[in-house]
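Biologist: I am new to this structure and would like to go through it piece by piece. Please show it first.

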Amino acid sequence: MRFGYWMPIFGGWLRNVPDEDMSIDWSYIRDLAVGAERQGFDLTLIAELNLNDIKGHRAPALDCWTLAPAVAAVTERTELMLAVRPNYHAPSATAKALSTLDTIAPGRTSLNVVSSWWKDEAAQYGAPFDVHDARYARTQEWLEVLSRLLTEDTVTHNGALYNLQGTVLEPKPARRPTVYMGGESPTAKQLISAQGDAYVMHGDSPETIAAKIADMRERRQAQGLAPLSFGVSGYVVCRDTEEEAQAELQRILNVRSSPEAYASYQDFVEGSQLESQVSLEEYSVSNRGLRAGLVGTPEQIIARIKAYEEAGVDLMLLQFSPQHTEMDRFGREVIAAYPQG
């Protein structure tokens, strides 16, 4: 099992907790990245959103592609998974950025390709916004162009969205970056099985994840391609006792902690039409992080991660709060004790 963490570009992950004792200052992120290698983490996912969807639109959100070279320069072995949304980036510009980043962190860059979902953000930032199938059509062509630029000497491409004439891209990266992708629609799964290297999923039970993996393996096999690898997101609450872990869980689920949080939750419920307890958990922590069930003692969390491994998962993508303190605890009490192999 490999362990990854979400870089805290938003200053926190909890909608009901205004101050999580986390910072977007470079000194905080630098120390976090350096410490993560010592704690045993293998990878960091640097998300890409121009607006803060956790703390509100006017709260800060750092840029992935500016932050990544700085993190690369202060780490030695961490895989840098950079999120990229094709409607915000030309494939040629992304390929050039990757080839340059590979000179700073050889063989350590990978992509989390996200077919953009946030219409209001695209409108604010002047980016094209495609409806569902058109969104994946853009991603498909974007990936085709990117892959050719990273592997071929000269590229000419005349497509529906991108046109390149005799494009030369040097230097080439040491290896083609791994392409991680997520999505649950049939269109998304078809694209991922054909052009992705790894399938990443929101939090869910090991049984649900096992069924999703079986489906994707079947789709991949039909493509005649090498097997996919699989990742799952989760939010961790690790404490010495189960009672302490449950007390922390109740704290982060408390939507009445502030009038603003409660009003936001009411809007979420009206828009989501989800069963109440599920909606409370999904509102409070993003990416269905609490569905992963990583709440309890170190021994309980290790058993849960082992169940994911047995389901076919080989990467856990984790969120913590406050991140410095909780990643250090997780490294000492879970990663160091996890039975690898």
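Biologist: In which loop is Leu 225 found?

Modeller: This is a predicted model, in which local features need pLDDT of at least 70 and side-chain atom pairs count only at pLDDT 80 or more, while totals for chains, interfaces and linings use all residues. Residues are numbered from 1 along each chain as its sequence is written, and side-chain values use heavy atoms, with hydrogens and water left out. Helices (H or I, at least four residues) and strands (E, at least two) are DSSP runs, numbered from the N terminus. On that numbering, Leu 225 is found in the loop between helix 7 (206-223) and strand 9 (229-235).

Biologist: Does Leu 225 count as buried, partly exposed or exposed, and at what relative accessibility?

Modeller: Buried means under 20% relative accessible area, exposed over 50%, and partly exposed in between (1.4 Å probe, protein chains only). Leu 225 counts as partly exposed, because its relative accessibility is 39%.

Biologist: Which residues does Leu 225 touch, not counting residues up to four places away in sequence?

Modeller: Contact means heavy atoms within 4.5 Å. With residues up to four places away in sequence not counted, Leu 225 touches Ser 193, Ala 194 and Arg 220.

Biologist: Which residue in strand 12 stands opposite Tyr 235?

Modeller: Strand 12 (315-319) is joined to strand 1 (residues 2-6) by four bridges, and the two run parallel. There, Arg 2 has Leu 315 as its bridge partner. Strand 9 also pairs with strand 12 in the parallel sense, over five bridges. The residue in strand 12 opposite Tyr 235 is Gln 319.

Biologist: Which residues of strand 12 are buried on each side?

Modeller: In a regular strand the side chains alternate between the two faces of the sheet. Five of the five residues in strand 12 are buried. Both faces are covered, with Met 316 and Leu 318 on one side, and on the other Leu 315, Leu 317 and Gln 319.

Biologist: Which residues touch the most other members of the largest nonpolar core?

Modeller: A nonpolar core is a set of buried Ala, Val, Leu, Ile, Met, Phe, Trp, Tyr and Cys residues joined through side-chain atoms within 4.5 Å. The largest one has 85 residues, and its largest share, seven residues, comes from helix 5. Those touching the most other members are Phe 3, Tyr 5, Met 7, Phe 41, Ile 305, Met 316 and Phe 330.

Biologist: What is the omega of the peptide bond from Ser 321 to Pro 322?

Modeller: Most residues other than glycine have a negative phi, and most peptide bonds are trans. The bond from Glu 170 to Pro 171 is cis, with omega near 0°. Pro 322 is found in the loop between strand 12 and helix 12 (323-335). The peptide bond from Ser 321 to Pro 322 is also cis, with omega near -15°.

Biologist: What is the phi of Asn 287?

Modeller: Asn 287 is found in the loop between helix 10 (276-284) and strand 11 (295-296). Arg 288, found in that loop too, has a positive phi of about 50° although it is not a glycine. Asn 287 is likewise a residue other than glycine with a positive phi, near 60°.

Definitions and conventions: Pairing = 2+ DSSP bridges.
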